Amino acid sequence: RGRAAPSRRCVEGPRVRTMATMETTDAPMVIEHQHKSLTFTPYETRWIPCSARFVCAGISPRAKGVLQIYELKGGQMSVTDERERPSGIKCGTFGASSFAQRAIATGDYSGGLSIWDLERLDEPIYSVAKAHKSIINGIDGIGGLGIGGGAPELVTGSRDGCVRVWDPRVPDAVVSLEPVEGQPTRDCWTVAFGNSTGDDRCVAAGYDNGDVKLFDLRTNAMRWETNAHNGVTCVEFDRPDIEMNKLVVTTLESKFRVFDLRTQHADEGFAHVAEKAHKSTVWLARHLPQNRDVWMTGGGNGGLNLYTYHYPKKRSATHKDNTPVGVAGEVELLNSRVISTQPIVSFDWSPDREGLAVLACLDQTLRVYICTKLDKY
């Protein structure tokens, strides 16, 4: 495809990684389709599966929650329904919902967990008023929308330091991962499901002190942990419903890491490649649903960076102790564009239309973007 010469280097342990960039003529284009100013601060945007609609949620100046439903029609986006809630909404997911119901689960500023039927927004169809003692920073779902084996479940991470797994059919958490008594409580900023195949299922969690922890829900044990040296703003598996393949971890201080999860060494853990991006906090990473090796990052500088991953010729090697150790691949920057003066705090790819995305910025704007040429990867 006509690669440009390597543009910069990043150091990963004893090895030096090189990140290439696309030639401009081959690069995917990042095009704004719609732009709307809001009267509240948005924190979550999610496409409603199998539709041209999406949800936008956040907090109003009066500290009330706002839940809006938008529809794309005739090249325009318009609000079709809107509700105000007692507490600001921080995060949401459709991951545990069925295609028939298409209900969104949300976490709020008071620690409440709710599931909403989008056709009847007056009251939630499932609610736990005090799922956590403090704000729910992150939420993810699995087992719905035909994604992942096993029962539908939700996972939440909170400022109270707890990570809890919920079955929407019962009122109490089925798993609660809590801080060790007597130890400082670390703020959990982000959670994600992965490795959901057969009876297996894992949860990754990122904390404000840089800790990244991987919990095995089948064995109810910690599978792996590391520290990213800066607060972890987002963790995401490239696919939640396959054997663990890659995990992207974004942090403060303009860095992200891509871990290869296929080979775990007893001492070295998982191999990874680290990259600098945005010259500010990397707030999120979202993998393209149609291609697990392409993802977008959103930065504190109001920028979008589109990346792809290149696997090494061999994904494992022999360590000096004669056991297998992972080998990390390389990251390629496909395109970069600054669209705002404020951080991009939410981004969601359409599961139905490749390259279509909805995002929100802290300048109180809601935007729909189109990324072209993604089918080349």
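Colleague: What makes Lys 246 count as buried?

Modeller: Lys 246 has a relative accessibility of 1%. Buried means under 20% relative accessible area, exposed means over 50%, and partly exposed lies in between, using a 1.4 Å probe and protein chains only. At 1%, Lys 246 therefore counts as buried. Please keep in mind that this is a predicted model, where local features need pLDDT of at least 70 and side-chain atom pairs count only at pLDDT 80 or more, while totals for chains, interfaces and linings use all residues. Residues are numbered from 1 along each chain as its sequence is written, and side-chain values use heavy atoms, with hydrogens and water left out.

Colleague: Which parts does the pair of Asp 187 and Arg 159 tie together?

Modeller: Asp 187 sits in the loop between strand 15 (173-177) and strand 16 (188-194), and Arg 159 in the loop between strand 13 (153-158) and strand 14 (163-166), so the pair ties together parts that are 28 residues apart in sequence. Strands here are DSSP runs of E with at least two residues, numbered from the N terminus.

Colleague: Is Arg 159 buried, partly exposed or exposed?

Modeller: Its relative accessible area is 47%, so Arg 159 is partly exposed.

Colleague: Which residues touch the most other members of the largest nonpolar core?

Modeller: They are Leu 304, Phe 347, Trp 349 and Leu 359, in a core of 19 residues. A nonpolar core is a set of buried Ala, Val, Leu, Ile, Met, Phe, Trp, Tyr and Cys residues joined through side-chain atoms within 4.5 Å. Elements giving two or more residues to this core include strand 26 (303-310) and strand 30 (344-349). Apart from it lies another core, of 16 residues, among them Val 212 and Met 244.

Definitions and conventions. Helix = DSSP H or I, 4+ residues; strand = E, 2+ residues; numbered from the N terminus.
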